[in-house]
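Q: Hi! Could you walk me through this one, starting with any space inside and then moving on to the surface?

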Amino acid sequence: MTFFNPSVPPIRRKVTNVDLKKFPGAWRVHFKIGDTIVYSSFYTKLDQACILWGLISSGIFATAQFFPISWQLQAILWSVLTAIGTVATIDLTRSWFKEKRLRWVLYSWIILMLFGLILTDLSIFLGWGEVLLVLCHLWLGLVGVGYFCTGWGMRSRTFMMTGVIHLLSIFILPYVGFWQYLTTGIIMGGTILLLAELQWDSLGACQGN
């Protein structure tokens, strides 16, 4: 028995005829114009957590890139938003992680996010210039480690590859100059929103199983 299931593609389009009764709390999105289906998909609670963090991470780094808001005010706002996002994520995913005996994966993400948040806030309020210069590197690294933990626990090639993308993106930052925050937001937010849209391998099956 292999660690990953080679018969299951690491990522693919979601099937549209899934029985949502198997996924309590899932959203069904179905848009039609006349008889033409414009868009049809579903979002499990895991997908919803991905969407939540995609919006949070994109918003944080886009604000840092484009809006002249003081770092201290941003630190307060984003600390509150991250805390709310963390609580919401626990509520959305804990039953699934408990069922799959993967609560350690959820705890790993909580520890990584809290560590990054505390270090970021301290660097802003205490003027740790060395840390402020590498905030994008820090968050890409922490998120990359989180994806590796998820990939290992869920035996998912998708999350392993996503972790690799985040860690390799650190080496791109010196070449984007002024646009480091925007680049980081696109990578972090874009990849997790993409994960919500697609079906990925998990424990030899697909998300939500």
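**Inside and outside**

A: Happy to! This is a predicted model. As for the space inside, the residues lining the largest cavity are 30 nonpolar, 9 polar and 1 charged.

Q: OK, and how many cavities of 30 Å³ or more are there?

A: The count comes to 1 cavity.

Q: What volume does the largest cavity have?

A: The largest cavity has a volume of about 790 Å³. Its lining has 40 residues, and those closest to its centre are Trp53, Trp109, Met113, Val143 and Ile192.

Q: Which helices supply at least two residues each of that lining?

A: Here's the list: α1 (45–66), α2 (71–99), α3 (103–125), α5 (135–154), α6 (157–169) and α7 (180–197).

Q: Which element gives the largest share of the patch?

A: That's α3, with 4 residues. Both α2 and α3 supply at least two residues of the patch.

Q: And where does Leu126 lie?

A: Leu126 is in the loop between α3 and α4 (129–132).

Q: Does Leu126 count as buried or exposed there?

A: Leu126 counts as exposed, because its relative accessibility is 52% and the cut-off for exposed is over 50%.

Key
Residues are numbered from 1 along each chain as its sequence is written. This is a predicted model: local features need pLDDT of at least 70, side-chain atom pairs count only at pLDDT 80 or more; totals for chains, interfaces and linings use all residues. Side-chain values use heavy atoms; hydrogens and water are left out. On a 1 Å grid over the protein atoms alone, a cavity is a set of points where a 1.4 Å probe fits but cannot get out, and a pocket is an open set with protein on both sides within 12 Å along at least five of seven lines; lining residues have an atom within 4 Å of a point. Grid points are joined across faces, edges and corners, and a volume is the space filled by probe spheres set on the points. Ala, Val, Leu, Ile, Met, Phe, Trp, Tyr, Cys and Pro count as nonpolar, Asp, Glu, Lys and Arg as charged, and the others, Gly among them, as polar. Buried means under 20% relative accessible area, exposed over 50%, partly exposed in between (1.4 Å probe, protein chains only).
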